[in-house]
Amino acid sequence: MRFSHILTGGLLVLCIAAIHAQEDTTMPLLPSQLGPMESLMWSEHGAMRKIFDFPLTPEGREKEMRLRRNMLGLHQLGGFATLAAMTATVILGQKVYNGDRDLLQLHSAMAWTTVGMYFTTASLGLFTPPPMIRRGEWSTVSTHKLLAAIHFTGMMVTPYLGSQLAKDNRQMQTVHLASAYTTTAAFAAALLVVTF
């Protein structure tokens, strides 16, 4: 009687193991959570799949991962170039604030160049394909995205404030300058946190 129980139990264990071995062990093609832009662009029915024929297949995702790597590499290079332009703009702005009005045109041109570089660089990060796996834990990328929310807000507010400045409104000039410094600091921190 005991031998039959052992034999039956052993057969049951083998059957369960066989069933588990036959289960689909393929990795999902998309992470379980997509951000709003990723959903819009890269979900199963996203714009990139419909407009540019990016099939949601293992081979298609492999191509997307190469595209992701290239886009994020350009995003990082663009970040360094944008930080240089942003820093130059802030330095020129400080000199204009200190009374060197001859640099106002150069500061303005540099500011609009920085805005263009910033949004081009941001687009590379925003439109990149999602990773294969997204872990639900805080990481340097999470910190990068938090700081990005700060510098993105700054990049909306600072140029607007600059366009509204009057020569004699010192208080508004101070707010504009403080916004520029805060935006640059947040941008530099966002870049450094994923670089080192």
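Helices here are DSSP runs of H or I with at least four residues, numbered from the N terminus. On that basis, Ser43 lies in the loop between helix 2 (36-42) and helix 3 (47-51). The model is predicted. Ser43 has a relative accessible area of 18%. Because the cut-off for burial is under 20%, Ser43 counts as buried. Beyond its neighbours within four places in sequence, Ser43 touches Leu30, Leu34, Glu38 and Arg49.

The protein chain as a whole contains seven helices and zero strands. Its pattern along the sequence is α-α-α-α-α-α-α. The chain has 196 residues, of which 31% count as buried. Among contacts with a separation of 6 or more, 71% join residues 24 or more positions apart.

Helix 4 (58-97) has 40 residues. From its first C-alpha to its last, helix 4 reaches 56 Å. This is close to the 58 Å expected at 1.5 Å a residue. Asp53 sits in the loop between helix 3 and helix 4. Its phi is near 55°, a positive value in a residue other than glycine. Most residues other than glycine have a negative phi. Asp53 counts as exposed, at 62% relative accessibility. Gly99 follows helix 4, and its phi is positive, near 120°.

Helix 5 spans residues 104-126, 23 residues in total. Its end-to-end C-alpha distance is 32 Å, close to the expected 33 Å. The buried residues of helix 5 are His107, Thr114, Val115, Tyr118, Thr121 and Ala122. Their cover includes helix 4, helix 6 (140-163) and helix 7 (170-195). Ser123 also belongs to helix 5. With a relative accessible area of 29%, Ser123 is partly exposed. The C-alpha atom of Ser123 lies 9.5 Å from that of Met71. Along the chain, Ser123 and Met71 are 52 residues apart.

Helix packing was examined next. Two packed helices are described by the angle between their axes and the distance between the axes. For helix 4 and helix 5, the axes come within 8 Å and cross at roughly 160°. Helix 4 is therefore roughly antiparallel to helix 5, an assignment that applies to angles over 145 degrees. The crossing of helix 4 and helix 5 is left-handed. Helix 4 also packs against helix 7, at an angle of about 155°. The axes of helix 4 and helix 7 are 10 Å apart. Helix 4 and helix 7 are therefore roughly antiparallel to each other. Their crossing is left-handed.

In soluble globular proteins, nonpolar side chains tend to be buried together. In this model, the largest nonpolar core has nine residues. They are Leu83, Met86, Val115, Tyr118, Ala122, Met155, Phe187, Ala188 and Leu191. Helix 4, helix 5 and helix 7 are the elements that give two or more residues to this core. Val115, Tyr118 and Ala122 of this core are among the buried residues of helix 5.

Note on methods: Residues numbered from 1 in each chain as written. Predicted model: local features only at pLDDT ≥ 70, side-chain atom pairs only at ≥ 80, totals over all residues. Heavy atoms only, no water. Expected span 1.5 Å × (residues − 1). Buried < 20%, exposed > 50% of the residue type's maximum accessible area, 1.4 Å probe, protein only. Contact = heavy atoms within 4.5 Å. Core = buried A, V, L, I, M, F, W, Y, C linked by side-chain atoms within 4.5 Å. Axes fitted to C-alpha atoms, helices over the stretch in contact; angles between N-to-C directions. Parallel < 35°, antiparallel > 145°, perpendicular 65-115°, else oblique. Left-handed = near helix turned anticlockwise from the far one by under 90°.
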